[in-house]
Amino acid sequence: MSWQPWIDFVHGTAHAEYVKKVPSEDNAATWMFWLGANDGDVYATSPGFPAIAKEDVARLSNCVAGTDQSIFGAPPAPYSFVRCVDCDSGAILTGKDKKTPGRMCYIAKTAKNTLICLVDIKNINSSMEQKALESFDIGVGQVISNDV
């Protein structure tokens, strides 16, 4: 199975939803995605998605599943994670990149896999963070509805 179309699909869905919510270029966002197995095997990524260790993906996935909370005390560099949010598509782990200003990190489990999103938001604020999370949730829901 080719996984790259799913990266393109969720990118298009999340980006389109964000643009509907935030039409201003003052708060434009750039989206990158990682899709792979819950144990950290990678299937496909957006261009420019930074490398992430297989073990870290497994821990992130387990945190979303509620079976490993160690990510809050010992996150993979350069991220910090603050909470797991219950959304329409399920739990989404939310965090920030401590080295890249405006970069949010979201992790969700799909029907069978793990999906990681990095979104760089220009002129970020809490309202834009919320709109990006909502947009990612819609993209995750679409992937889940297609049993990926």
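Biologist: In which loop does Pro78 lie?

Modeller: Pro78 lies in the loop between α2 (54–65) and β3. Keep in mind that this is a predicted model.

Biologist: What makes the peptide bond from Ala77 to Pro78 cis?

Modeller: Its omega is near 0°. Most peptide bonds are trans.

Biologist: What is the strand order of the open sheet?

Modeller: The six strands run in the order β2-β1-β6-β5-β4-β3, and their pairing is antiparallel. On average, neighbouring strands are turned by 20° against each other, direction ignored.

Biologist: How do you know that β1 and β6 pair?

Modeller: Two strands pair if there are at least two bridges between them. Strand β1 (residues 29–36) and strand β6 (residues 114–121) are joined by eight bridges, and they run antiparallel. Ala29 stands opposite Ile121 in β6.

Biologist: Which strands does helix α1 lie across?

Modeller: Helix α1 (residues 4–21) lies across β1, β2 and β6, at about 145° to β1. The helix has 18 residues. From first C-alpha to last it reaches 26 Å, close to the 26 Å expected at 1.5 Å a residue.

Biologist: How do you know that the buried residues of α1 line one face of the helix?

Modeller: Start with the list: Trp6, Ile7, Val10, Thr13, Ala14, Glu17 and Tyr18 are the buried residues of α1. Seen down the helix axis, they fall within an arc of 140°, so they line one face. They pack against β1, β2, β6 and α3.

Biologist: Why is Trp6 called buried?

Modeller: Buried means under 20% relative accessible area. Trp6 has 17% relative accessibility, so Trp6 counts as buried. Phe9 has a relative accessible area of 31%, so Phe9 is partly exposed.

Biologist: What makes Trp6 and Phe9 an edge-to-face pair?

Modeller: Rings pair if their centres lie within 6.5 Å, and planes over 60 degrees apart count as edge-to-face. The Trp6 and Phe9 rings are 5.4 Å centre to centre, with 80° between the planes. Both residues lie in helix α1, three residues apart, about one turn of the helix. Residues three or four places apart in an α-helix point the same way, because there are 3.6 residues a turn.

Biologist: Why is the pair of Tyr106 and Phe136 called stacked?

Modeller: Planes under 30 degrees apart count as stacked. The planes of Tyr106 and Phe136 are at 20° and their centres 5.7 Å apart, so this pair is stacked. Tyr106 lies in strand β5 and Phe136 in helix α3, so the pair ties together parts that are 30 residues apart in sequence. Tyr106 counts as buried at 1% relative accessibility. Phe136 is buried too, with a relative accessible area of 0%.

Biologist: How many aromatic pairs does a search of the whole structure find?

Modeller: The search finds seven. Ring pairs link Tyr18, Trp31, Phe33, Tyr106 and Phe136 into a cluster.

Biologist: Why is Arg103 called buried?

Modeller: Arg103 has 13% relative accessibility, so Arg103 falls in the buried class. Arg103 lies in strand β5. Its contacts include Met32, Asp97 and Asp120.

Biologist: What is the phi of Asn123?

Modeller: Phi of Asn123 is near 55°, a positive value in a residue other than glycine. Most residues other than glycine have a negative phi. Asn123 lies in the loop between β6 and α3. Asp147, not a glycine either, has a positive phi of about 60°. Asp147 is in the segment after α3.

Terms used:
Residues are numbered from 1 along each chain as its sequence is written. This is a predicted model: local features need pLDDT of at least 70, side-chain atom pairs count only at pLDDT 80 or more; totals for chains, interfaces and linings use all residues. Side-chain values use heavy atoms; hydrogens and water are left out. Helices (H or I, at least four residues) and strands (E, at least two) are DSSP runs, numbered from the N terminus. Axes are lines fitted to C-alpha atoms, for helices over the stretch in contact, and angles run from 0 to 180 degrees between N-to-C directions. Contact means heavy atoms within 4.5 Å. The expected span of a helix is 1.5 Å times one less than its number of residues. Buried means under 20% relative accessible area, exposed over 50%, partly exposed in between (1.4 Å probe, protein chains only). The arc is that of the directions from the helix axis to the C-beta atoms. Rings of Phe, Tyr and Trp (its six-membered ring) pair if their centres lie within 6.5 Å; planes under 30 degrees apart count as stacked, over 60 as edge-to-face and the rest as tilted.
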